[in-house]
Protein chains: 2
Amino acid sequence: MTYTLEQLRGLVAVAEELHFGRAAARLRMTQPPLSRQIQKLEAAVGAQLLERDTRRVTLTPAGHAFLAEARRILSIAEAAPALAQRVSSGFRGLVRMAFTSASTFGILGRLLNELEARLPEVHLELYEMVTREQIDALTGEDIDLGLARPPFDPELFESRLLHREALLLAVHEDHPLAGLDRAVVPADLATEPLIFHSQRKARYFYDLVVSMVPLAQERVVHTVSQVMTMLWLVSAGRGVAFVPASARLVGVPGVAFLPIATPIAEPVELHLLWPRRSHNPALARVLDALEHVML
Amino acid sequence: MTYTLEQLRGLVAVAEELHFGRAAARLRMTQPPLSRQIQKLEAAVGAQLLERDTRRVTLTPAGHAFLAEARRILSIAEAAPALAQRVSSGFRGLVRMAFTSASTFGILGRLLNELEARLPEVHLELYEMVTREQIDALTGEDIDLGLARPPFDPELFESRLLHREALLLAVHEDHPLAGLDRAVVPADLATEPLIFHSQRKARYFYDLVVSMVPLAQERVVHTVSQVMTMLWLVSAGRGVAFVPASARLVGVPGVAFLPIATPIAEPVELHLLWPRRSHNPALARVLDALEHVML
DNA sequence: ATTGACTGATACCTTTTCGGCATGACTTAC
DNA sequence: GTAAGTCATGCCGAAAAGGTATCAGTCAAT
């Protein structure tokens, strides 16, 4: 045999009023069923909780101890629905978000500040992944949201353009081009050793640069997938590299950044990316909160 | 509308099995009422907790959050009766105990060690009081148990002899009597200035000494109620005093203790004292634990 | 594509539980 | 001694809960 929350509410009321009649009135019921509630509670607990003297009601020591537990139970029980509702509405919860390393450095902080201010109860878990890994993780439901580069399969994913930036040429600061007072054109790079993006692992940048700047692939001296690596190779004097403007924010010494003449001023896109069929209510709130944010 | 502990047990079972049929079997019921329990719980909570797909059952984020609260509630609810039973049986609880200061120093520690070993869940609160105060506090239910000196009103109190000790004469170490190689007799004190017990505040010692050692009251130079005070006055050379043997344990410098020839070898009694009509179950266990302890 | 197995929801009925009223048993106060 | 107050008990009707049968939807195998 076990007891019910109603019986605990009865006990609390009687313990506070020390009078069955008044306690019953407070619970909007009559005294007899309240007396029976307490009797059943005592039977279920296996100890006398109240001393009834037909003239006064007192808590036994066991009653005192059990009352404290009853109050703990009831306070959790009363607060739990509101908690579940906040989670259900998405104002509280967990969003696991992936981002592409170096290229996101500049905007990730601002994005997190925005979310913290608007959704203080939503916890963000951050994962560093390249676009390909993000897509796999979104499909496998290991993350809820990505900051990634196109293209995406519109069958499976929704996305929103979050940020555009220019494509720059990273050169060693002692390089002759570093003093140039105009934008770099393909002809300037006719004999330069190139540090280039991997066609497989950094497909977006590969396709972008190829479409923006016609170049001879045979001058590629390194094939790399991370912006960070490119910067270090440039710093080491291995060649020149095409990087997004946000690479400036990474403090790699001895690297200069030059504008490039491209058909589109800011061709590098960063998108918010999420699965069409997500069951995480907090994701919807996060997307709402970022609706009008363009970083 | 509110929910019940049974519904929480239903939720936990379904969340663990992720299958209504198996969960119902575990709860020794059939599947339909369990489905209705969960529906009512969701209605009461105001959020969907489970995603049912006629093929698989999943927890929603709100369900996860609420499940954790449900487990907290149930674990308290399941542990609470055992707690109440321990309190009810007296194996756990609080006993407020008074003791007379100096004269109890020697035995109080041993008594507390004994109780700690036998009743580790019973907390003892200690109060320092003279016998008169103890009787008042027991009557007013401010304490549960006293360590006091007779006499007691047997109508209101029960008591048990806990300790006997000798009556000693405290003298300054430079006093001529300090070198005596036999017990002191009344004649030795014919001209000594006496530090004596207050007839009102230390009635027990007053009556005891008067009955054991016939003396001329006109040689009393100080009237005192606490043994501690007596020792300091002896130390200051103000006279000699009758003190219980346990006063030796109080480290007051320059005081020597001499045996006294008394009709009874150990006339000073210390009793356990408690109200006949106590409602504290822990008191009964403490008395049981001390049943055969004679300190 | 059809069929059978599986699973949660629903309809309906029976049993249990719960609350309310009337009243009893007992104590306290005047 | 009587009256007022308080908790417990008996009884009844209403509400709630559980069980059986069945429905509706999905998946897998033929």
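This is a predicted model: local features need pLDDT of at least 70, side-chain atom pairs count only at pLDDT 80 or more; totals for chains, interfaces and linings use all residues.
**Stop 1**

Now widen the selection to the two strands. Strand 5 (residues 145-148) and strand 12 (residues 268-275) of chain B pair in the antiparallel sense, over three bridges. In general, strands of a sheet pair through backbone hydrogen bonds, either parallel or antiparallel.

Which order do the strands of this sheet follow? Color them in chain B and read across: 4-3-5-12-6, five strands in an open sheet with mixed pairing. At the edges you'll find strand 4 (122-128) and strand 6 (157-165) of chain B, each pairing on one side only. From one strand to the next, the twist averages 20°.

Next, show helix 6 (residues 131-139) of chain B. Helix 6 packs on this sheet and touches strand 3 (93-99), strand 5, strand 6 and strand 12 of chain B. Compare directions, and helix 6 makes about 165° with strand 5 of chain B.

**Stop 2: a second sheet in chain B**

Stay in chain B and pick strand 8 (residues 194-197) and strand 9 (residues 220-224). They pair in the parallel sense over four bridges. Click on B:L194 and you'll see B:V220 of strand 9 of chain B opposite.

Then bring in strand 10 (residues 240-244) of chain B. Strand 10 runs parallel to strand 8 of chain B, and two bridges join them. Where does B:L194 find its bridge partner in strand 10 of chain B? Look at B:V240. For B:I195, the bridge partner in strand 10 of chain B is B:A241.

Zoom out to take in the whole sheet: five strands of chain B, open, in the order 9-8-10-7-11, with mixed pairing. Strand 9 and strand 11 (255-259) of chain B are the edge strands, each pairing on one side only. Neighbouring strands here are turned by 35° against each other on average, direction ignored.

Helix 7 (residues 203-212) of chain B lies across strand 7 (167-172), strand 8 and strand 10 of chain B, at about 125° to strand 8. Helix 8 (residues 227-235) of chain B packs on the sheet too, touching strand 7, strand 8, strand 9, strand 10 and strand 11 of chain B. The direction of helix 8 makes about 145° with that of strand 10 of chain B.

**Stop 3: where the chains meet**

Show both chains together. How many residues of chain B are in contact with chain A? There are 30, and they meet 30 residues of chain A. About 2,400 Å² is buried between the two chains, with carbon and sulfur atoms giving 73%. Select B:Y3, B:L5 and B:I76: in chain B these lose the most area to chain A, together 20% of what that side buries.

Look for charged pairs across the interface and the count is zero salt bridges. Six residue pairs are in polar contact there, though. On the chain B side, highlight helix 1 (5-17) and helix 4 (61-89), the elements that give two or more residues. Helix 4 of chain B gives the most, with 17 residues. By class, this side has 17 nonpolar, seven polar and six charged residues.

**Last stop: a salt bridge in chain A**

Over all chains, the salt bridges come to 34. For one of them, select A:R203 and A:D207, whose closest N and O atoms are 3.5 Å apart. These two sit four residues apart in helix 7 (residues 203-212) of chain A, so about one helical turn separates them.

Definitions and conventions:
Residues are numbered from 1 along each chain as its sequence is written. Chains are lettered from A and ligands numbered from 1 in the order in which they are written. Side-chain values use heavy atoms; hydrogens and water are left out. Contact means heavy atoms within 4.5 Å. Buried area is the accessible area (1.4 Å probe) that two parts lose on being put together, summed over both. A salt bridge is a side-chain nitrogen of Lys or Arg within 4 Å of a carboxyl oxygen of Asp or Glu. A polar contact is a pair of N or O atoms within 3.5 Å; within protein, one must be able to donate a hydrogen and the other to accept it, and residues adjacent in sequence count only if both atoms are side-chain atoms. Ala, Val, Leu, Ile, Met, Phe, Trp, Tyr, Cys and Pro count as nonpolar, Asp, Glu, Lys and Arg as charged, and the others, Gly among them, as polar. Two strands pair if DSSP finds at least two bridges between them. Axes are lines fitted to C-alpha atoms, for helices over the stretch in contact, and angles run from 0 to 180 degrees between N-to-C directions.
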